[in-house]
Amino acid sequence: MIKLIILGCCGRMGSSIARLASEDPQIKIAGLVEKKQHPMIGTNLYGCEISDELLDVINKGDCLIDFTSPDSLMEHIDIAKENEKVIVIGTTGLSKDQMAHMKSASKYIPILYSSNMSFGMNVIFKLLPQVSKLLSSFDIEIIEAHHKHKLDSPSGTAKRLYEILAESRGYDIEKAAVYGRKGKKKKEDNEIGLMSIRLGDVVGDHTIIFGGSGERIEITHRATSRDVFAYGAIRAAKFIVHKEPKLYSILDLL
């Protein structure tokens, strides 16, 4: 039985994780945490009182799942490290310094991080370098769509797709990205475009387009329910809970 603490438990992802975890016989929800002044603080959900302080519940659980914000995540990582707790991270929009902080903490505690917890997308992550190399003469563009409330653009998944593709082509990761297009400038051979769309309640669509002479190949992943990410996060918790300190990804489960 894994004792789980869910951070951001009332958010879009957190509520899905809490619901599915409550139905899993291998999981016990040991703690639920939300940001201070959230209207649900102090209420009972799945047998737990929602707290606004991780330190109040940290010793009740084995593993943390975090889908909050980059700044909150840094604090949660430090608390997890101090209390030797495992953490699964799905929070996106991390800066280089925040990524470095996470990697540093993984020397002391097991951390599983993924910009996308769905197994379908992670299969794409795994196969994409080979596809990119086989289509080395093709141009590449990435289009992603999410709901209108999403804060970061491009999405963490789109950024990861870009990094994989840029690395596979030997492009300069710092310079090859073009975020949207406007004006009079042709596409350079070593450019990868990233286009973001925000509308309605779109859960998450990502399309990689390879364009060659007289033909085009598109690889698309569409998430129609947040449950695919929640299932991935719960499976990640089961995988990582007894592992050695290291930075893991969903690819380690495949």
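1. Cys9 is buried, at 1% relative accessibility; here buried means under 20% relative accessible area, exposed over 50%, and partly exposed in between (1.4 Å probe, protein chains only). Cys48 is likewise classed as buried, at 9% relative accessibility. This is a predicted model, in which local features need pLDDT of at least 70 and side-chain atom pairs count only at pLDDT 80 or more, while totals for chains, interfaces and linings use all residues. Residues are numbered from 1 along each chain as its sequence is written, and side-chain values use heavy atoms, with hydrogens and water left out.

2. Zero disulfides are found in a search of the whole structure, a disulfide being a pair of cysteine sulfur atoms within 2.5 Å. Cys9 takes part in no disulfide, and its nearest cysteine sulfur, that of Cys10, is 3.8 Å away. For Cys48, the closest cysteine sulfur is that of Cys9, at 9.2 Å, which is too far for a bond.

3. Helix H4 (residues 119-134) and helix H5 (residues 156-169) have axes that come within 8 Å and cross at roughly 25°. Helices (H or I, at least four residues) and strands (E, at least two) are DSSP runs numbered from the N terminus. Axes are lines fitted to C-alpha atoms, for helices over the stretch in contact, and angles run from 0 to 180 degrees between N-to-C directions. H4 is therefore roughly parallel to H5; angles under 35 degrees count as roughly parallel, over 145 as roughly antiparallel, 65 to 115 as roughly perpendicular and the rest as oblique. The crossing of H4 with H5 is right-handed: a crossing is left-handed if the near helix is turned anticlockwise from the far one by less than a right angle, and right-handed if clockwise.

4. At this contact (heavy atoms within 4.5 Å), the H4 residues Met121, Ile124, Phe125, Leu128, Pro129, Ser132 and Lys133 meet Thr157, Arg160, Leu161, Ile164, Leu165, Ser168 and Arg169 of H5. The residues in the contact of H4 with H5 comprise eight nonpolar, three polar and three charged. Ala, Val, Leu, Ile, Met, Phe, Trp, Tyr, Cys and Pro count as nonpolar, Asp, Glu, Lys and Arg as charged, and the others, Gly among them, as polar.

5. Pro129 lies within helix H4 and is partly exposed, at 27% relative accessibility. Leaving aside residues up to four places away in sequence, Pro129 touches Ile164 and Ser168. Pro129 and Ala166 are 37 residues apart in sequence, and their C-alpha atoms are 9.2 Å apart.

6. The axes of helix H2 (residues 70-82) and helix H3 (residues 96-105) come within 10 Å and cross at roughly 15°. H2 and H3 are thus roughly parallel to each other, and H2 passes H3 in a left-handed crossing. Pro70, Asp71, Met74, Ile77, Asp78 and Lys81 of H2 meet Gln98, His101, Met102 and Ala105 of H3. By class, the residues of the contact of H2 with H3 are five nonpolar, two polar and three charged.

7. Most residues other than glycine have a negative phi, and most peptide bonds are trans. The Ser153 to Pro154 peptide bond is cis, with omega near -10°, and Pro154 is in the loop between strand S8 (139-146) and H5. Gln37, not a glycine, has a positive phi of about 70°; Gln37 is exposed, with a relative accessible area of 80%, in the loop between strand S2 (27-33) and strand S3 (44-45). Tyr46, not a glycine, has a positive phi of about 50°. Tyr46 is partly exposed, at a relative accessible area of 37%, in the loop between S3 and strand S4 (48-51).
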